[in-house]
Amino acid sequence: MEVMRILVVEDERRIAQTIKRGLEQERYRVDLAFTGREGLEWALAEEYDLILLDVMLPELDGLSVCRSLREQQRVVPILMLTAKSQIEDTVTGLDAGADDYLSKPFSFEELLARIRALARRPKALQTERLTAADLSLERQTFKVVRDQAEIFLSNKEFKLLEYLLVNQDRILTKEQIIDHVWDLDADILPNTVEVYIKNLRQKIDRPFPDKPPLIKTVRGFGYRIGGK
Ligand code: CA
């Protein structure tokens, strides 16, 4: 399968790096640009499948970058990142030729959903039902079932379980989990992930004492889920 290339133009380096790391986890190839001018140069020089473009940028703002690319007949999908307070920017952004926008703060899941929608990936690649041993999770209906018993999860627990299942049998660090399950600006305590993993275990492993536990702790590294 061809790897999708994404250009992220964002001057707030911490956010840019977090987005890059997260997208690379999802197997996208990511380049970063920290100013509008740099972003425009990259976008003109390289072939990207998608551009994530912040509005407020030094040297050249995101709207100008967008306009400039469209004037030069670049049809690459552009997803604008706007601040919540800048509704006008959103409208102007769409006028300038952006395909969609996402207002900050956004969750990583939201960002991924928008990227997927813009990339219009073939449906077959998006698995709607995830399973591990006798546990299954349905993304459309939010239904989680183990051994024929329905399990009720909070929104965050569901996202956490979904992320573990997508990466089945891979060890996920606490940092990876936080990047994917929590908002970029969420207040994370040192034990937040432990607490949620514990809650999830109470629901998907504890009620089935005669079954092998699905969530494994890999001491010093992180967590994984799997039938093995
Ligand atoms: Ca900015």
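**Sheets and calcium site of the predicted model**

In an open sheet, four strands are arranged in the order β6-β7-β8-β9 with antiparallel pairing. Strands are DSSP runs of E with at least two residues and helices are runs of H or I with at least four, both numbered from the N terminus; two strands pair if DSSP finds at least two bridges between them. The edges of the sheet are β6 (129–132) and β9 (149–151), each of which pairs on one side only. On average, neighbouring strands of this sheet are turned by 25° against each other, direction ignored. Axes are lines fitted to C-alpha atoms, for helices over the stretch in contact, and angles run from 0 to 180 degrees between N-to-C directions. The structure is a predicted model, in which local features need pLDDT of at least 70 and side-chain atom pairs count only at pLDDT 80 or more, while totals for chains, interfaces and linings use all residues. Residues are numbered from 1 along each chain as its sequence is written, and side-chain values use heavy atoms, with hydrogens and water left out.

Strand β8 (residues 143–146) pairs with β9 in the antiparallel sense over three bridges. R146 has A149 in β9 as its bridge partner. Helix α6 (residues 155–166) packs on the sheet and touches β6, β7 (135–138) and β8, contact meaning heavy atoms within 4.5 Å. The direction of α6 makes about 115° with that of β7.

Parallel pairing is found between strand β3 (residues 50–54) and β4, which are joined over four bridges. Here L53 stands opposite M80 in β4. Together with helix α3 (residues 62–71), β3 and β4 make a right-handed β-α-β unit; right-handed means that, with the strands pointing away from the viewer, the path from the first strand over the helix to the second runs clockwise. Strand β4 also runs parallel to strand β5 (residues 100–104), to which five bridges join it, and T82 stands opposite S103 in β5. Because five of its six residues are buried, strand β4 (residues 78–83) is largely enclosed by the rest of the structure. Buried means under 20% relative accessible area, exposed over 50%, and partly exposed in between (1.4 Å probe, protein chains only).

The calcium ion has D11 (OD), D54 (OD) and M56 (O) as its protein donors, at 2.1 to 2.3 Å. Donors are N, O and S atoms within 2.8 Å of the metal (3.2 Å for Na, K and Ca); water is not among the atoms, so sites may look incomplete. The spacing of the donor residues in sequence is D-x42-D-x1-M. D54 is buried, with a relative accessible area of 3%, whereas M56 is exposed at 52%.
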